[in-house]
Amino acid sequence: MSRKIPRAALAALLTLAAGAPLTACSDDGARLGYQADYVDHPPLRVTGYPSTGSLETVQQVLWALADRDADALAALDTEGGGAGSEARAWVETYGKAADGEVTADFLDEGSVRQEVVLHFGGPRRTQELTVRIGDDDTWGVVLDAPDPTPAER
């Protein structure tokens, strides 16, 4: 026995089916890249109250370090000047440590700028950094020279 689909239901189905590919294409790929990086790296332990932007930025900093990707780290620099050499120094200093357990202490309020202290578990190092909204209205990091001194036990 065959059933006929009412015209209104058929029109609604066709509209939904036509819109589905547009919805799938509207994802800009950045979200997918973030999700893939999130799955591929150890979880970050967090204390304090990060904003969405400050948390994502710190995660991206740590992922770039763990991947030994100085270019990705330099791309996050909000200051723009000399980030390549600073980023390479960060990768050399903290790349291996970023593979392991890391805790980020988010200090103060983080709506446009936040100080963060990274605690690396393996070599017992700490590094303070500033994440903030840059000139292009996106979050990034201020890449100062890293402090390679191991933390006191």
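So, let's start with Glu 79: with a relative accessibility of 46%, this residue is partly exposed. By that I mean the range between buried, under 20% relative accessible area, and exposed, over 50%, with a 1.4 Å probe and protein chains only.

Quick housekeeping. This is a predicted model, where local features need pLDDT of at least 70, side-chain atom pairs count only at pLDDT 80 or more, and totals for chains, interfaces and linings use all residues. Residues are numbered from 1 along each chain as its sequence is written, and side-chain values use heavy atoms, with hydrogens and water left out.

Okay, back to Glu 79. Which side chain does Glu 79 meet in a salt bridge? That's Arg 132, at 2.8 Å, N to O. A salt bridge here is a side-chain nitrogen of Lys or Arg within 4 Å of a carboxyl oxygen of Asp or Glu. Glu 79 sits in the loop between α4 and α5 and Arg 132 in strand β4, so the pair ties together parts 53 residues apart in sequence. Helices (H or I, at least four residues) and strands (E, at least two) are DSSP runs, numbered from the N terminus. Arg 132 itself counts as buried, at 17% relative accessibility.

Staying with Arg 132, its bridge partner in β5 is Gly 140. β4 pairs with β5 (residues 139–142) in the antiparallel sense, over four bridges; pairing takes at least two DSSP bridges between the strands. That hairpin has five residues between its strands, and Asp 137 there takes a positive phi near 60°. β4 (residues 125–133) also pairs with β3 (residues 113–120), again antiparallel, over eight bridges. His 119 has Thr 126 as its bridge partner in β4.

How many salt bridges does the structure hold? Three. Another one joins Arg 68 and Asp 99, with the closest N and O atoms 3.0 Å apart. Arg 68 is in the loop between α3 and α4, Asp 99 in the loop between α5 and β2, so this pair ties together parts 31 residues apart in sequence. Then there's Glu 101 with Arg 45, at 3.2 Å between the closest N and O atoms. That pair links distant parts of the chain, 56 residues apart: Glu 101 is in the loop between α5 (83–94) and β2 (102–107), and Arg 45 is in strand β1 (residues 45–48).

Asp 67 is partly exposed, with a relative accessible area of 44%. That's all from me.
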